[in-house]
Amino acid sequence: MVRSPLTPEERERGERLGRLLREARGARSMVEIAAVAGLSAETLRKIETGRAPTPAFFTVAALAGALGLSMDEIAVNCVPVPV
């Protein structure tokens, strides 16, 4: 299966998600948060840096739980602002 290229909006949404997760993580380590969420630290690193801009729903939900974020907060903060 060949994946379609991401749109600029999808890339921007991924960057917003990464920033939100980094800010919510604060001084806690990637390893700590990834372990609580049941993910690898490399997966979290890719999401935070925008290299994985479209993570699976349950991955985002696990990270939200580990960071004390609601899915509503994530949705509101990751929607691109119209220009």
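Colleague: Let me start with threonine 59, then: which helix is it found in?

Modeller: Bearing in mind that this is a predicted model, threonine 59 is found in helix 4, which covers residues 57–67.

Colleague: And is threonine 59 buried or exposed?

Modeller: Threonine 59 has a relative accessible area of 18%, and because buried means under 20%, threonine 59 counts as buried.

Colleague: What is it in contact with, if we ignore the neighbours within four places in sequence?

Modeller: With those neighbours left aside, threonine 59 is in contact with Leu39 and Ile47.

Colleague: Switching to lysine 46, where does that one sit, and how exposed is it?

Modeller: Lysine 46 lies in helix 3, residues 41–49, and it is partly exposed, its relative accessible area being 34%.

Colleague: OK, pockets now. What volume does the largest pocket have, and which residues line it?

Modeller: The volume of the largest pocket is about 170 Å³, and its lining is made up of Arg13, Gly14, Leu17, Pro53, Thr54, Pro55, Val60, Ile74, Ala75, Cys78 and Val79. The elements that contribute two or more residues to that lining are helix 1 (8–25) and helix 5 (71–78).

Colleague: How do the lining residues divide into nonpolar, polar and charged?

Modeller: In the lining of the largest pocket there are 8 nonpolar residues, 2 polar and 1 charged.

Colleague: Stepping back, how many helices and strands are there in the chain?

Modeller: The chain has 5 helices and 0 strands, so from the N terminus on the order of elements reads α-α-α-α-α. Its radius of gyration is 12 Å, close to the 12 Å that the globule rule gives for 83 residues, so the chain is as compact as a globular protein of that length.

Colleague: What does the C-alpha trace span along its principal axes, and how much of the chain counts as buried?

Modeller: The C-alpha trace spans about 35 × 30 × 20 Å along those axes, while 29% of the 83 residues count as buried. The accessible surface of the chain comes to about 5300 Å², with 59% of it belonging to carbon and sulfur atoms.

Terms used: Residues numbered from 1 in each chain as written. Predicted model: local features only at pLDDT ≥ 70, side-chain atom pairs only at ≥ 80, totals over all residues. Heavy atoms only, no water. Helix = DSSP H or I, 4+ residues; strand = E, 2+ residues; numbered from the N terminus. Buried < 20%, exposed > 50% of the residue type's maximum accessible area, 1.4 Å probe, protein only. Contact = heavy atoms within 4.5 Å. 1 Å grid on protein atoms, 1.4 Å probe; cavity = no way out; pocket = protein on both sides within 12 Å on 5 of 7 lines; lining within 4 Å. Points joined across faces, edges and corners; volume = space filled by probe spheres on them. Nonpolar A, V, L, I, M, F, W, Y, C, P; charged D, E, K, R; others polar. Rg over C-alpha atoms; globule rule 2.2 N^0.38 Å. Areas by Shrake-Rupley, 256 points an atom, 1.4 Å probe, with all protein chains shown as cover.
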